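Please load the model, and keep a selection panel open while you follow this short tour.

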Amino acid sequence: MLKAYKYRLYPNNRQINMIERTFGCARKVWNLMLADKIAHYNETGKSLTVTPAKYKRMAEYAYLKEVDSLALANVQLDLQDAYKSFFNRIKNGKKAGFPKFKSKKTGRKSYSTNNQKGSVRIENSKIRLPKIGFVKLVYHRPIMENSKIKTVTVSKTPSGKYFVSVLTEYENQILKSIPKTFAGLDFAMHGLFVDSDGRSAGYPNFFRQNEKKLARLYRSFSKTDKNSHNHAKMRLKISRLHEKIANQRNDFLHKTAKNLADRFDCIAVEDISVKAMAKRKKKGSFSFGKSVSDNGWSKFVEMLRCKLAWQGKIFIKVDKWFPSSQLCHNCGFQTDITKDLSVRKWTCPKCGMAHDRDYNAAVNIREEGKRIALAKTQ
Ligand SMILES: [Zn+2]
């Protein structure tokens, strides 16, 4: 099993210099390879396989030899992937962007390298990186025992912070047992979800909380002169606020997912397409508003899936056609009342039980998850 960790890096000046050079070389190799591939295609109509070695041999690019060679080899793989996904999307009749040249100003600053027999390792709150040496990091989450580092990606945020993402492989030795505790989650536009105990996740809308502040920053930013010191300063402030919002959100989602994964053996969620729900707004039937796209549901579901799998527990996506909102969880009667999405509370015409829409749906999702999970483990 694979597991990823992300840590803040505090490189010294010499290390910063080397990291920046590696970013630059990775970008250069990408652009050189892309240009050659395009030129070759235009001339011959055929695709060309290029490797970084070709440029390292050229005197004008000799500096490429000074940085981590695996970082450049990974650029070649990334470019191949970009081509592959471009052609796949075309094949499937989807919109596709052709791989783009990377610019020094706007491009994402990162490079990836691989661990070869301990060339990448963590010791005493430092990570060893090829050609860089031991770099200080904030080791807030220790890597699990029995796992091996496979690849690492060093990156820099627009606000100037360095991070390292560490991908590890881990031998999962937890035996699956018959699940005993179950939960169901019903997606909610506000608050993220309601669980089968009737509790809301209470997800704060971090973006909205900071919306005014952000708008104010953008207004002042637009008034500054493009080449001024103030302009650069404002840009940094805005990046920092965006980063803060994203961090708050991720932190909340992680904690909520962890809490659930620790408490239950099996958790079921609805298979909903948030995109489809956001689209419905246009047709005018019901407005979900801005909160759907801002809401981290799909990200949360992925975190939950990972955290459960990690403990050998069960994650279930209930079929999107399962009528979780229409069934009375008490007697099983199926009603049309709740097809109207504005109905938040309803009473079962058959058994007379009063229902809260979300809580009732969450219980139905839990029961459906339980049914599927137990059928699988028998
Ligand atoms: Zn009923």
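Select Gly312 to begin, which sits just after helix 8 and takes a positive phi of about 70°. The model is predicted, so local features need pLDDT of at least 70 and side-chain atom pairs count only at pLDDT 80 or more, while totals for chains, interfaces and linings use all residues. Residues are numbered from 1 along each chain as its sequence is written.

Next select helix 8 itself, residues 297–310, whose 14 residues reach 20 Å from the first C-alpha to the last, close to the 20 Å expected at 1.5 Å a residue (the expected span being 1.5 Å times one less than the number of residues). Helices here are DSSP runs of H or I with at least four residues, strands are runs of E with at least two, and both are numbered from the N terminus. Within this helix, colour Trp297, Phe300, Val301, Met303, Leu304 and Leu308, which are buried (20 or more other C-beta atoms within 10 Å of a residue's own, with C-beta atoms placed from the backbone). Seen down the axis, the buried residues of helix 8 fall within an arc of 160°, so they line one face; the arc is that of the directions from the helix axis to the C-beta atoms.

Now move to strand 8, residues 182–188, where six of the seven residues are buried, so the strand is largely enclosed by the rest of the structure. Strand 8 pairs (at least two DSSP bridges) with strand 10, residues 266–270, in the parallel sense over four bridges, and Gly184 has Ala268 as its bridge partner there. Four bridges also join strand 8 to strand 9, residues 192–195, in an antiparallel arrangement, with Val194 as the bridge partner of Asp186.

Finish at the hairpin that strand 8 and strand 9 form with three residues between them, where Gly191 in the turn has a positive phi of about 85°.

Definitions and conventions. A residue is buried if 20 or more other C-beta atoms lie within 10 Å of its own, exposed if 12 or fewer, and partly exposed in between; C-beta atoms are placed from the backbone.
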